[in-house]
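Good morning, everyone, and thank you for making time for this. Please take a moment to look at the sequence and the structure before I start talking.

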Amino acid sequence: MEHQKTLPASERGMQVYRWRTTLGWDSAKVAKLLDVGPRTIGLWETGVQPMPDARWRLFVYEVINEVNRIPQMVVVVAEDEVTPIDVVSDANYAGLAIADDGQTALIASYAIDRQTNQPRLHRQLFRVAANKHVIRAAERWESERQVPDQDRAAYEMHRWMTRRVLQGELGNPRLIMLKQAINDAKAELDKAGDTPEDIRRERIDALDRAVGALIREVGEGKSQ
């Protein structure tokens, strides 16, 4: 797993959608900030068109301004300590794990998939040295999070499981790719609808293969 330094133009639209929903912005607001039409935002977010450099830089500038205005949000930056690679808030923060060497960490946050409109867990790998502020924010959010007594056990279990999953992914980066393959295959199956049975069967088989690949990877990791 490589640390992200720059974001390819083809991936910017997906990030625009995730960041704007984290900030509570609708596409009309983003379109106004970037001086384009709402339809253009949709084309970028769905990957139909790549987002130009100038518009991406302007979007990042507006995001950073907004995050700096809201105390319960942080920007995760790349190794250069300048380039933003993620935005996380106390509302969508899900968990944090730091590698045994203390050099890298994974932060997880809840997001909505643009294509399926279903919730998913987004993960971002980052360098700890460049993101001490992110570590401090995560620790603060976990200590301040108010959970009713009747839900406390379930909440603590969820935190423990999320941390274990992230620690496992830090130890074996392939797990993230394999889990994403399962999500992609499931999304294709969900979109099948009333398609012919042979196409549905192909997509079911693809999902089975993706699940099998993850099971084999986990099994091999335990046997080592």
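Predicted model: local features only at pLDDT ≥ 70, side-chain atom pairs only at ≥ 80, totals over all residues.

Residues are numbered from 1 along each chain as its sequence is written, and side-chain values use heavy atoms, with hydrogens and water left out.

Let us begin with the chain as a whole. It holds eight helices and five strands, where helices (H or I, at least four residues) and strands (E, at least two) are DSSP runs numbered from the N terminus. If you read along the sequence, the pattern is α-α-α-α-β-β-β-β-β-α-α-α-α.

How much of the chain is buried? Of the 224 residues, 38% are buried, a word I use for under 20% relative accessible area, with exposed for over 50% and partly exposed for what lies in between, using a 1.4 Å probe and protein chains only. The chain exposes about 13,100 Å², and carbon and sulfur atoms supply 51% of that area; accessible areas come from the Shrake-Rupley method with a 1.4 Å probe, and for residues only the protein chains shown count as cover. As for contacts, meaning heavy atoms within 4.5 Å, we take those between residues at least 6 apart in sequence, and 57% of them join residues at least 24 apart.

The axes of helix H1, residues 9-23, and helix H4, residues 53-69, come within 11 Å and cross at roughly 20 degrees. Here the axes are lines fitted to C-alpha atoms, for helices over the stretch in contact, and the angles run from 0 to 180 degrees between N-to-C directions. H1 and H4 are therefore roughly parallel to each other, since angles under 35 degrees count as roughly parallel, over 145 as roughly antiparallel, 65 to 115 as roughly perpendicular and the rest as oblique. On the H1 side the residues that meet H4 include Val 16, Trp 19 and Leu 23, and on the H4 side those that meet H1 include Trp 56, Phe 59 and Val 63. The residues of this contact divide into eight nonpolar, one polar and four charged, where Ala, Val, Leu, Ile, Met, Phe, Trp, Tyr, Cys and Pro count as nonpolar, Asp, Glu, Lys and Arg as charged, and the others, Gly among them, as polar.

The second pair is helix H2, residues 27-34, with helix H3, residues 38-45, whose axes come within 8 Å and cross at roughly 105 degrees. H2 and H3 are therefore roughly perpendicular to each other. In this contact Ser 27, Val 30, Ala 31 and Leu 34 of H2 meet Pro 38, Ile 41 and Trp 44 of H3, and the residues divide into six nonpolar, one polar and no charged.

In the loop between H2 and H3 you will find Asp 35, which has a positive phi of about 60 degrees although it is not a glycine. At 63% relative accessibility, Asp 35 counts as exposed. Glu 81, in the loop between E1 and strand E2, likewise has a positive phi, near 65 degrees, in a residue other than glycine, and Glu 81 counts as exposed at 54% relative accessibility.

Finally, where does Gln 72 lie? Gln 72 is in the loop between H4 and strand E1, and at 25% relative accessibility it counts as partly exposed. Gln 72 and Ala 91 are 19 residues apart in sequence, and 8.3 Å apart in space from C-alpha to C-alpha. Leaving aside neighbours within four places in sequence, Gln 72 is in contact with Val 88, Ser 89, Asp 90, Arg 140, Trp 141 and Glu 144.

In helix H4 itself we have Ile 64, partly exposed at 27% relative accessibility, and its C-alpha atom is separated by 8.4 Å from that of Pro 84, 20 residues apart along the chain.
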